[in-house]
Amino acid sequence: MNFTTLSISQTALHACKPENFLNQVETYEGKNGHFYARVTFKDIETKGYIYVAGGTKAIAHHCKNAEKGTSCTHTVVLTAVAKHFGHEIEHMSHKAKTPEFETFEANFNAVSWTDKSAELGISKSKPAPAPVHTSVQTASTTTKRDANVGWKEIQEHLDDQRFSIALQNKIFDKRELVHATIPMHDYLMPPVKPDTPYNGEMLEIAITHILMGEHLILVGDAGTGKDTLINTVSWIFGYPVNIVVGNKDESKETLIAEPAFINNESTYKLTNLTRASFEGGLINFAEVNFLKGDVTSVFHSFFDDNGVISTPLGSYKLHPHTLFCASMNVGEGYEGVQKLNKAFKDRFAVLRLTKTASFKELITRKTGLVDVAALEFLEAIQEGLKELHIEGLATDTDTLRGYFKAAKYFLTFGYNQTSRIRAVEAYILNRVEEVEEYCEARAAVREVFNDIKLQDFPVSPDEILFNPDLAN
């Protein structure tokens, strides 16, 4: 936005009475003496702005006279308000066009304003907001948050990842805005440091897109760290998290609001997803490709320029710092997934994640299992089943989650012959429904037990029915 030097006579300033021209004055004071104000005029819809930051003392305002470059009362009023709060204005915007002010206002909407109308003797005539259902107003509790708390540990991780100082400063500025504008509601999960924060270039890539104001779709197979990346982003920026899991039976309506009966009346209750959209937070939408293609269109208005969420209880403005991170698994073995709507994907930065650690490293990171023999056993089972997977058989045993659960079973009950059999059966083999493939998978596992010189893997009744010779 362009600025010109401002010159207003002291006589005009002295004669100006803000209460005669304004409906409301809201202010925000930040660190290092920064001061911002947003004012609502009685005679025009466009708001006016005052800001004192980075050595600049200026006002920004738009009306027909300002667009023509001629003087107007609004300029005098804004300067008088600034003077009241101890700031001598030096510059003003010149011939500003409406689109510039829309961008400017979006930036100013990111802060929490304090109403100072009464201090200036202004009796507001601003209409009251439309009523919101009490479930939205009373169901949450908030606490004030400090962006500096925990920042040192985050900096250490960013240093380890070789983030530049300039990028770290941008991250902290965003973190401050998130903490200042997004309270910790009780339906959100607080940001916490993951047991093993995400490492690698993809962390920096994701953060740069977030700093650009973009929402993310993370694409990758199980074990590529999609949830770890999202949780690391939440920790770094201080985002409270709302988790949503895709469901093929979900509709546009159920995603936004659910029917409810409150105070003897049939009404609607906004979902936590909707609340996080306009109250602020990180929406972690897992397995978004389980939604039917037409259902995702409900999000289009979220991410358009207007950022409006339409609900049965009215429309809400998307919070300027809400972050939407959708994730989806790809590859064979994922039944029920849908191809995402192109218009939906166009509203995101799409990042493709790949496995950056070995099989044993993934298990250790995810579960904490460090027993070398147990890790080598699980890796041997995975390798032993791989030939079947290549042939398209027993693909249900190709499951990282199953191996993670087996590792946790070992941590709880020890690594021994009994736990080996129970874990492999419950978390890997018994997933296979087709009897012939199930028997072939058991045979492959039995061969692994023999190869690494463990006690025999037992023959199951299904195997004997399928091949009676195994009974001998």
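Reader: Leaving aside neighbours within four places in sequence, which residues is Pro 191 in contact with?
Author: Pro 191 is in contact with Arg 145, Met 184, Ser 234, Trp 235, Gly 238, Tyr 239 and Pro 240. Contact means heavy atoms within 4.5 Å. This is a predicted model, in which local features need pLDDT of at least 70 and side-chain atom pairs count only at pLDDT 80 or more, while totals for chains, interfaces and linings use all residues. Residues are numbered from 1 along each chain as its sequence is written, and side-chain values use heavy atoms, with hydrogens and water left out.

Reader: What is the place of Pro 191, and how far is Pro 191 from Ile 236 in sequence and in space?
Author: Pro 191 sits in the loop between α7 and α8. From Pro 191 to Ile 236 there are 45 residues in sequence and 8.4 Å in space, C-alpha to C-alpha.

Reader: Why is Pro 191 called partly exposed?
Author: Its relative accessible area is 24%. Buried means under 20%, exposed over 50%, and partly exposed in between, with a 1.4 Å probe and protein chains only. Pro 191, at 24%, is therefore partly exposed.

Reader: What makes Ser 234 buried?
Author: The relative accessible area of Ser 234 is 2%, so the residue counts as buried. Ser 234 belongs to helix α9, residues 226–237. Helices here are DSSP runs of H or I with at least four residues, strands are runs of E with at least two, and both are numbered from the N terminus. Apart from neighbours within four places in sequence, Ser 234 is in contact with Pro 191, Tyr 239, Val 241 and Leu 282.

Reader: Which residues gather in the patch of positive charge, and what makes Arg 431 pass the area cut-off?
Author: Lys 366, Arg 401, Lys 405, Lys 408 and Arg 431 gather there. Lys and Arg count as positive and Asp and Glu as negative, with His and the chain ends not counted. Arg 431 has 31% relative accessibility, and the cut-off is over 30%, so Arg 431 passes. Arg 431 is in the loop between α17 (417–427) and α18 (435–451). Helix α16, residues 400–413, gives the most to the patch, with three residues.

Reader: Why is the pair Arg 38 and Glu 26 called a salt bridge?
Author: A salt bridge is a side-chain nitrogen of Lys or Arg within 4 Å of a carboxyl oxygen of Asp or Glu. For Arg 38 and Glu 26 the N to O distance is 3.2 Å, so the pair falls within the cut-off. Arg 38 is in strand β3 (residues 35–41) and Glu 26 in strand β2 (residues 22–29), so the pair ties together parts that are 12 residues apart in sequence. Both Arg 38 and Glu 26 are buried.

Reader: How do you know that Glu 119 and Lys 116 form a salt bridge?
Author: Their closest N and O atoms are 3.9 Å apart, and the limit is 4 Å, so the pair counts. Glu 119 has 43% relative accessibility and is partly exposed; Lys 116, at 21%, is also partly exposed. Elsewhere, salt bridges that share partners join Glu 425, Arg 442, Arg 446 and Glu 463 into one network.

Reader: How many salt bridges does the structure hold, and how many helices and strands does the protein have?
Author: The structure holds 12 salt bridges. The protein has 19 helices and 16 strands, and buried residues make up 46% of its 472 residues.

Notes
Patch = residues over 30% accessible without salt bridge, like charges linked within 9 Å, V, L, I, M, F, W, Y side chains within 5 Å. Areas by Shrake-Rupley, 256 points an atom, 1.4 Å probe, with all protein chains shown as cover. Charge placed at Lys NZ, Arg CZ, Asp CG, Glu CD.
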